[in-house]
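This report describes the arrangement of two chains and the contact between them. Please look over the sequence and the model before reading on.

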Amino acid sequence: MPHDHHDHLSPSGHPYRPDDDHPLTYWQQMEIAVRELLIEKGETTAQEIAAQIDAMDARTPSNGAAVVARAWTDPAFREALLADASAATREMGFDIGPMRLIALENTPDTHNIVVCTLCSCYPRNLLGLPPDWYKSRAYRARTVKEPHKVLAEFGVTLPDTTTIRVHDSTADMRYVVIPARPAGTEGWSADTLAALVTRDSMIGTGLPKAADAA
Amino acid sequence: MSDRHYMRVRADMPPGHVRTPAYLRGKTGWVERTLGPFPNPEQLAYGHKGQPLPLLRVRFSMAEVWGPDTDRPDDTIDAEIYSHWLEPSEAPHAP
């Protein structure tokens with residue numbers, strides 16, 4: 001190929017992309033320094049830290065999906081969940097720690113969506129780590145101002161008659177949305193239903209999968 | 001709607017760790033439910049014992065927060081506001 005500047009090109013003939021690594025930020029350095037000091041002084045161990053990271057990574061939205069599917073199939077549980085979501089999910093065996101939870105039920109005329117404008121509060125014990133966009137300035141700023149447009153960008157188009165309720169997770173509570181049960185799932189078991197419950201449907205930026213997706 | 005309990009968020013801008021979003025300061029909403037008491041995070045953030053305070057979920061209309069020309073004035077924003085940031089208020093003028 002007639003490329004003149006061979007030193008800028010990979011063997012494929014395309015230019016090399018610059019590496020995307022950069023020096024540690026101040027806070028990244030601070031985290032490493034504090035972690036190493038805590039280990040050196042015997043306050044914690046590298047194993048304990050690794051175990052905590054593993055525990056964090058092990059939490060996935062399937063926890064939340066089990067809660068939603070049970071709410072769809074067990075009317076007494078649904079009532080308990082809406083009255084006191086902390087107690088109801090603790091009873092299901094999810095360790096909520098110091099967290100306090102509110103369940104928000106979507107109805108034919110109301111859609112709920114959760115945001116934390118101040119930082120990135122998220123029900124990690126039920127949904128795992130938050131997606132990157134949940135922490136982005138754009139999602140945090142726009143969801144409280146134009147939730148209808150944000151939802152449309154997520155592919156969620158609601159009837160004009162649906163009231164959107166935005167929940168800004170500003171303090172001690174965490175939120176999980178209980179989406180509406182998909183049509184055509186009568187008689188399904190909670191386990192089968194749970195496969196339809198997506199992470200985004202529990203944040204409010206999505207809807208559950210349709211019955212024919214299972 | 002007549003039994004709504006309206007509260008106005010103080011319009012102050014004090015320094016420090018404050019969990020009252022700035023975009024809601026000075027705005028009036030109604031109490032959705034009362035939670036807590038929870039320790040005041042403004043004191044906890046500086047290593048002090050947090051005074052236990054009621055935490056209110058206040059519901060604001062989009063019209064109240066962003067003005068009457070907002071796209072969908074009847075959609076709502078709920079936020080958790082500590083009681084020392086709230087004062088009783090009349091209902092805001094209808095959008």
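The text below covers the domains, an open helix, the strands, the core and the interface.

The model is predicted. For chain A, the domain assignment gives domain 1 (26–57) and domain 2 (59–213). The centres of these two domains of chain A, taken over C-alpha atoms, are separated by 32 Å.

Helix α2 of chain A spans residues 46–58 and has 13 residues. From its first C-alpha to its last, α2(A) reaches 18 Å, close to the 18 Å expected at 1.5 Å a residue. Is this helix buried or in the open? Of the 13 residues of α2(A), the number buried is 0, so the helix lies largely in the open.

**Strands**

Strand β2 of chain A, residues 110–115, is in another setting: 5 of its 6 residues are buried, so β2(A) is largely enclosed by the rest of the structure. Its pairing with β3(A) is parallel. Strand β3 of chain A (residues 163–168) also pairs with β4(B), again in the parallel sense. The table sets out both pairings, with one bridge from each.

| Strand pair | Sense | Bridges | One bridge pair |
|---|---|---|---|
| β2(A) and β3(A) | parallel | 6 bridges | T110(A) and T163(A) |
| β3(A) and β4(B) | parallel | 4 bridges | H167(A) and D78(B) |

**Nonpolar core**

The largest nonpolar core holds 57 residues. Which of them touch the most other members? They are V68(A), A69(A), A103(A), V176(A) and I81(B). Helix α3 of chain A (residues 61–73) supplies the largest share of this core, 7 residues. Leaving aside residues up to four places away in sequence, A69(A) touches A190(A), L193(A), A194(A) and V197(A).

**Interface**

The contact between the chains takes 18 residues from chain B and 17 residues from chain A. On the side of chain B that touches chain A, the elements that give two or more residues are β2 (28–39) and β4 (76–82) of chain B. The largest share of that side, 6 residues, comes from β4(B). By type, the residues on this side of chain B divide into 10 nonpolar, 1 polar and 7 charged.

Conventions
Residues are numbered from 1 along each chain as its sequence is written. Chains are lettered from A and ligands numbered from 1 in the order in which they are written. This is a predicted model: local features need pLDDT of at least 70, side-chain atom pairs count only at pLDDT 80 or more; totals for chains, interfaces and linings use all residues. The expected span of a helix is 1.5 Å times one less than its number of residues. A residue is buried if 20 or more other C-beta atoms lie within 10 Å of its own, exposed if 12 or fewer, and partly exposed in between; C-beta atoms are placed from the backbone. Two residues are in contact if their C-beta atoms, placed from the backbone, lie within 7 Å. Ala, Val, Leu, Ile, Met, Phe, Trp, Tyr, Cys and Pro count as nonpolar, Asp, Glu, Lys and Arg as charged, and the others, Gly among them, as polar. Two strands pair if DSSP finds at least two bridges between them. A nonpolar core is a set of buried Ala, Val, Leu, Ile, Met, Phe, Trp, Tyr and Cys residues joined through C-beta atoms within 7 Å. Domain bounds come from an automatic or database domain assignment.
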